[in-house]
Structure formats: structure tokens, C-alpha cells
Amino acid sequence: MFNGRLINYHNAKLPEERGAAAYSWKIMRGERKGQLTLHQIAKKIDSGPICYKMDIEFPDEVKCPANYYTYME
């Protein structure tokens with residue numbers, strides 16, 4: 001219906017961090033780098049072509065998923 005013009009905002013690295021709970025996994029792995037990604041909607045979740053991405057370096061005081069989301073805002 002939208003002919004490839006529908007865009008999704010994904011608050012993690014694609015294609016490495018498809019789906020949900022990316023920041024819970026980051027905390028468990030001790031990772032401090034993240035990404036905001038815009039991509040075209042496709043049939044398979046988080047698999048469409050990437051339109052834009054922005055890398056993020058999280059400071060040490062960001063410790064729980066809520067902190068990550070607040071920092072990204």
C-alpha cells in the first residue's frame with residue numbers, strides 16, 4: 001500500500017540487533033555503544049533497507065534500559 005515509503009525507527013543496531021530487548025542484552029554484555037536506525041518496513045521484522053543510522057556512545061552512569069531510552073531522547 002505504501003510502496004516502500006513506510007519507515008520504522010529502531011533504537012538499536014541493524015541488522016545485528018533485530019527485534020526487542022536490545023538494551024537488556026547490551027547491559028548483560030557490558031556494551032556502551034548503541035545506534036538509532038531508520039529503515040524501510042519489509043515483510044521480515046527489522047530487515048528493510050537502512051535509510052539512516054546514528055551511532056551513540058553511552059556514558060557509564062547509564063545502567064538500566066530506562067536510562068538508555070532517556071539518554072537517547
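Are tyrosine 23 and phenylalanine 58 buried or exposed? Tyrosine 23 is buried, and phenylalanine 58 is buried too. Buried means under 20% relative accessible area, exposed means over 50%, and partly exposed lies in between (1.4 Å probe, protein chains only).

This is a predicted model: local features need pLDDT of at least 70, side-chain atom pairs count only at pLDDT 80 or more, and totals for chains, interfaces and linings use all residues. Residues are numbered from 1 along each chain as its sequence is written, and side-chain values use heavy atoms, with hydrogens and water left out.

Start with the rings. Rings of Phe, Tyr and Trp (its six-membered ring) pair if their centres lie within 6.5 Å; planes under 30 degrees apart count as stacked, over 60 as edge-to-face and the rest as tilted. The count by this rule is five aromatic pairs. One of them joins tyrosine 23 and phenylalanine 58, edge-to-face, at 5.7 Å centre to centre and 85° between the planes. Tyrosine 23 lies in helix H1 and phenylalanine 58 in the loop between S3 and helix H2 (65-72), so this pair ties together parts 35 residues apart in sequence. Helices (H or I, at least four residues) and strands (E, at least two) are DSSP runs, numbered from the N terminus.

Tyrosine 23 also pairs with tyrosine 68. Their ring centres are 5.1 Å apart and their planes stand at 45°, so the pair is tilted. It links distant parts of the chain: tyrosine 23 in helix H1 and tyrosine 68 in helix H2, 45 residues apart. Both tyrosine 23 and tyrosine 68 are buried. Ring pairs join Tyr23, Phe58, Tyr68, Tyr69 and Tyr71 into a cluster. Lysine 26 lies over the face of tyrosine 23, 5.5 Å from the ring centre. The rule for such a charge is NZ of Lys or CZ of Arg within 6 Å of the ring centre and within 35 degrees of the ring normal.

Now the backbone. A cis peptide bond joins leucine 14 and proline 15, with omega about 5°. Proline 15 sits in the loop between strand S1 (7-10) and helix H1 (22-29). Alanine 21 is in the loop between S1 and H1. Its phi is positive, about 70°, although alanine 21 is not a glycine. At 38% relative accessibility, alanine 21 is partly exposed. Aspartate 46, also not a glycine, has a positive phi near 50°. Aspartate 46 lies in the loop between strand S2 (33-40) and strand S3 (50-57), and is buried at 9% relative accessible area.

Last, the cysteines. The structure holds zero disulfides, a disulfide being a pair of cysteine sulfur atoms within 2.5 Å. Cysteine 51 is partly exposed at 44% relative accessibility. Cysteine 64 is partly exposed at 33% relative accessible area.
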